Amino acid sequence: MPETAPQSPVPAHPAATLILLRDGPDGLELLVMERHAALRFAPGATVFPGGRMEAMDHDPHWRRFWPDGDPPADLAHRVAALRECAEECGVLLSRDPLASGALDDLRRALVAGEGFAAALARAGAVPALDRMAPLARWVTPEMLPRRFDTLFYLAPAPEGQQPVCDGEEAVGTLWASPRRLLAEAGAGQRRLVYATRMILLRLAGCADRTAAMALARPVQGPGQGIPPPIVPQLVETPSGPVLRIPEDCGFSPLETPAEHVRLG
């Protein structure tokens, strides 16, 4: 937790994150990555692939990849989450399986700085934007000088793709169960930021991918599908300061001692 807060809340940068799911030998597994230790935000933390939205994510071009009817209001967030996962981990959630050569070409194009839409077209890949489902929207607390407004998505992992780190933001990837990641963090072997830890706690009760996907919010129309924001509040209690979240947000615990919270 920071010792000083800005005089007024700074704007939160729109962002998106993709949580890929698969069934492993011991049940549900998630794809996570380890962030580079030199990064300003969450250095060395274990996180899900994701990041800030970019102007290209809002391009009307992406509407044609929505299979039926009008796309949902969060289409740009879906593009951003899928793009960030491809850039950081080399995994693309695509409509059809990709040949290894096409996937390698896509990775090289992204590393070289080619635009996401152009790289997809070159690889002949169609993004499966409709296979993603929003789980939650976490917003960094207002007392932080660096804030994000992040939509977290769940999606079945594409078959036959092995993650490849970009070496810049991601220096390692891992498939692991939520309980394993929480246990390793508790033993001091991993660093988890607050939102990641809360999501792992929620997914830890899911036996498999189907159960995890059932937690996502359904998309009901073009103006719906974006979950309400969860903005943790720093509250003083008789036992000391805690970070508190709304009772109806679907996550628990509702209060976490501030000394146990890592926000970045």
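## Exercises on a predicted model

The protein chain has 6 helices and 11 strands (DSSP runs numbered from the N terminus: helices are H or I with at least four residues, strands E with at least two). This is a predicted model, in which local features need pLDDT of at least 70 and side-chain atom pairs count only at pLDDT 80 or more, while totals for chains, interfaces and linings use all residues. Residues are numbered from 1 along each chain as its sequence is written, and side-chain values use heavy atoms, without hydrogens and water.

**Exercise 1.** Check the span of helix α1 (residues 75-89) and state how many of its residues are buried.

*Solution.* Step one: the expected span is 1.5 Å times one less than the number of residues. Step two: for the 15 residues of α1 this comes to 21 Å, and the end C-alpha atoms are 21 Å apart, which agrees. Step three: 14 of the 15 residues of α1 are buried (buried means under 20% relative accessible area, exposed over 50%, partly exposed in between; 1.4 Å probe, protein chains only). Step four: after α1 comes glycine 90, with a positive phi near 70°.

**Exercise 2.** Describe the aromatic pairs that tryptophan 138 forms with tyrosine 194 and phenylalanine 251.

*Solution.* Step one: rings of Phe, Tyr and Trp (its six-membered ring) pair if their centres lie within 6.5 Å; planes under 30 degrees apart are stacked, over 60 edge-to-face, the rest tilted. The structure holds 4 such pairs.

Step two: the ring centres of tryptophan 138 and tyrosine 194 are 5.7 Å apart and the planes stand at 90°, so this pair is edge-to-face. Tryptophan 138 lies in strand β5 (residues 133-139) and tyrosine 194 in helix α5 (residues 194-203), 56 residues apart. Both residues, tryptophan 138 and tyrosine 194, are buried.

Step three: tryptophan 138 and phenylalanine 251 are also edge-to-face, at 5.2 Å centre to centre and 75° between the planes. Phenylalanine 251 sits in the loop between β10 (240-244) and β11 (255-257), 113 residues from tryptophan 138. Phenylalanine 251 is buried.
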